[in-house]
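Open your viewer and get your selection tool ready. We will go from stop to stop, picking a few residues each time and looking at what is there.

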Amino acid sequence: MAEPADSSGDNTQPTEDILNALNAIKNVPQQDTDMPPPTEYEALLAQLKQSPHDPNGWKRLVNMAEESGDMDKVRASFDALLQQYPNTSSAQIRYIGHFLQDPSTFGEAEDLFKKFLVKSPEVDLWKFYLTYVRRVNTIPSTRDAVRKSYEFAVNHIGQDKDSGDIWRDYIQFLRSGETTSTWEEQQKMDALRKVYHRAVQIPLEGVETLWQELESFENNLNRITAKKFMTDLSPAHMQARTTFRQLTNHAGALFPPPPPAPLNRPELIIPTLPTFNASERTLIGKWKAYLKWEESNPLELEEKDKSVLVSRIQSVYRKALIRMRYYPEFWFMAYTWLNSVGKHDEALTILKAGIEANPASYLLTFTYAEVLEVKQAFAEVHAQFDRFLGVLSAKLEELEARTKTEESQNTNNPPLSANVGDPNSQSQTSFSSQQSDERPRKPSEFAERQSEYGLAYNTYMRFGRRAEGIKSSRAIFGRARKDKWTPWEVYESAALMEYHCSEGGAGVGSRIFEKGLELFADEVEYVLRYLGFLISINDKTNARALFERVIGTFPPDRARPLWERWARYEYQYGDLDAALQLEKRISEVYPHGMYCNLIPPVTSDSSCLLDPPIKRFAQRHTYLGTDAIAAQDLGFALARKAPQALARTETNTSILSNTGSIGASAGSIFNNNHTTSHKRAASPDYRKREERGGGGGGGGGGGGSGDYVQSHKRARGMSPPPPPPRSERERDRWDPPPRRRHSPPPPNWEREGRERAPLPPPREEEKPKVYNLPNVISWFIGELPTPTSFDGQSFYCPVFRTEDLMNLFRNAVIPSSGRTKTPPPPTPPRTGGRPPPDYGPYQGPGGGRTGRRY
């Protein structure tokens, strides 16, 4: 066989083409990879694009651009600033001012005027525009252009209280016009009269001066017609003057004068992100009061002038949205008002702008989604929720990173504890965190944000079911299951939606709950919801299996709600043997009482915290708060009626003689080992609530919680149950001497005796020192539950350390009682049924909520 022509070559070597390509790469001159460092301006601009909510940073950026003299930087800086803060008139004036220094750039200035003016409600920008117009139109042939510019301005912002200067300049401009004939003079007088008549009916600054000028003008023309004109205009003018005084009171705090600006430049007034501190909440209240006042038509405009009223209110809302840009409530108020006056397109535009300014706003996003759903624009709703969930997810990522950083810093630099070396320090503080063996709990802020994230998914699923059916809702839930931030509330919502809205929903709901249990087995609330669901569908077998499966996975201090919920079920629907067996198990898990390890012992004898046998027995026989054992057999019904109603100025000292024996006898019924302590009697309203609420059980089967001293009252979500009686030492610390407290009002016979034979005044040194509590404080004390309500018998009602409370009182600022205060609002009656609807202002998250009930 013939050998190849070139058999000596090595086939593993690079080919000639590869070698040529490598040589070509080597011959290419190497570029300098060392990029020059960014300038301070470029670094700041990049930083503001990443974190745009930095007013001071924007001001520094604009100042750097202006000082550089580079018009490209000026344009870039102001364009970026006005994209973040639209309609900021101070920035717009400074921006336009750069193009008014050279006539060759007037065209660019006019383009900016066209862009900014129509959307701006700020008078200072319109003044700047009119100054420019009069500057470039100086010859007589252009007077008509100036007149049209003034008309354009007063039609847009002539109702503003600060537009008085524009009206006066307009009048002066008309006066300065030259005429060559009687007809032209008459036209000039008619034009002046028309402008005067419009101006004196508006609450302007200096409206009284305009009225005097009008009166002089009319008298100079014709005294007879002057009297008629002034008489016709007088009511509207007087209403304008009155309204101006009210308007000044409203707007004075909303538009403070800007600080002095350096280099004769307008100071940039840029809105900041809200913190909702006391001053900001006050400002919010003032803005809302001002807007509602404007909506009330203070000028009393008639129906034929409705367009003027709408223009006034719309201008005020525009100002509010500029100053309060990052408060979603004002965007929602503007949207609602525009809808109410029939401006639906403008309302939708406002809503979109509000979402652009506040992309993480639940209020605006949910409102916009409902608007789109009504229009059946379902694809846009999906896109809106996709965007919203992406924004919330990014915020959770940021919060998690910040939380981890803080935890690492705390780990590296542990804070010094005042109780170092004290093994009981953890149990002696009422504000300490719970100790358990499970994995670390999430920070409260992160848990709240995650629950709110779940609310977005729940709302999204509800939309899917309403608009496209249960299959769409299932698809959204499937997406939520893949999201690492999805909380347990989404699983519960999906399960209940299947149960209520699909055939065979009970089985599907149970499977969803079971899937969620794989992820949230350490969440007591989720387990409680699952258990309650199984009980509600009468699946007692799986309910019992679930309880037995999870009860051992929680430490005793976290398992209390589960024991209580199952006990209520057994008391109401189980048999007696099962109930007794359950009580035995509870006593084994909590040998000193179910709530004893939540609170520090007040005495060395721990037996004082044991649940008395009668307590559990009575809880087995209560229903819907009715506890006949406590009310009738143990005398609590009579004990409630015995104390007399307290006056607002009465204190502990004045009622001890009336209530001491009753309180001692009632308190010793369930706590034989307790030393009887003085108890402040409940306020009249509180006793009425007790009488209406009935006994202490709660829920379906009865079993309440809390010390049985006050268990005749129906348990409410966040209502604190009574605490154990205090020791003698604590009473000495808490109960001041009687001589320092108010004395009770004297009885009638004593007052009559004093009137007949007044006693001589005591000596100066014997006069007791009397302290007058303010009415608000007295009312507040009267509304508080009795001291026995805080005994640690509930998770939400620990026994507070004496030192903690004393520090609170030491640092409290008590208002002076020298000036008269308005009485507190009457307390609405409370009943055991459904609370009345709340038509008051929105109180924010948690407003009026009393906690979750299982």
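One definition before we set off: a residue is called buried under 20% relative accessible area, exposed over 50%, and partly exposed in between, using a 1.4 Å probe and the protein chains only. The model is predicted, so local features need pLDDT of at least 70 and side-chain atom pairs count only at pLDDT 80 or more, while totals for chains, interfaces and linings use all residues. Residues are numbered from 1 along each chain as its sequence is written, and side-chain values use heavy atoms, with hydrogens and water left out.

**Stop 1: two loop residues**

Select F276. At 43% relative accessibility, F276 is partly exposed. Its place is the loop between α12 and α13; helices here are DSSP runs of H or I with at least four residues, numbered from the N terminus. The phi angle of F276 is near 55 degrees, a positive value in a residue other than glycine.

Now jump to N538, in the loop between α24 (524-536) and α25 (540-550). Its phi is near 65 degrees, again a positive value in a residue other than glycine. Is N538 buried or exposed? With 60% relative accessibility, N538 counts as exposed.

**Stop 2: the largest cavity**

Next, select D160, K161, Y290, V316 and K319. Among the 13 residues lining the largest cavity, these five lie nearest its centre. A cavity is a set of points on a 1 Å grid over the protein atoms alone where a 1.4 Å probe fits but cannot get out, and lining residues have an atom within 4 Å of a point. The largest cavity holds about 140 Å³ of space, a volume being the space filled by probe spheres set on the points, which are joined across faces, edges and corners. The whole structure has 6 cavities of 30 Å³ or more.

Which helix gives the most to this lining? Colour α14, which supplies 4 residues. At least two lining residues come from each of α12 (223-251), α13 (278-295) and α14 (306-323). The lining has 5 nonpolar, 2 polar and 6 charged residues. For those classes, Ala, Val, Leu, Ile, Met, Phe, Trp, Tyr, Cys and Pro count as nonpolar, Asp, Glu, Lys and Arg as charged, and the others, Gly among them, as polar.

**Stop 3: salt bridges**

Keep D160 and K319 selected, and show their side chains. They form a salt bridge, with the closest N and O atoms 2.2 Å apart; the term means a side-chain nitrogen of Lys or Arg within 4 Å of a carboxyl oxygen of Asp or Glu. This pair links distant parts of the chain, 159 residues apart: D160 is in the loop between α8 (143-157) and α9 (164-175), and K319 is in helix α14. Both residues are buried.

Move on to R94 and E66, whose side chains meet in a salt bridge at 2.5 Å, N to O. R94 lies in helix α5 (residues 89-97) and E66 in helix α3 (residues 55-68), so the pair ties together parts that are 28 residues apart in sequence. Both R94 and E66 are buried.

Finish with D232 and K228, a salt bridge whose closest N and O atoms are 3.2 Å apart. These two are separated by about one helical turn, because they are 4 residues apart in helix α12. K228 is exposed, at 52% relative accessibility.

Terms used:
On a 1 Å grid over the protein atoms alone, a cavity is a set of points where a 1.4 Å probe fits but cannot get out, and a pocket is an open set with protein on both sides within 12 Å along at least five of seven lines; lining residues have an atom within 4 Å of a point.
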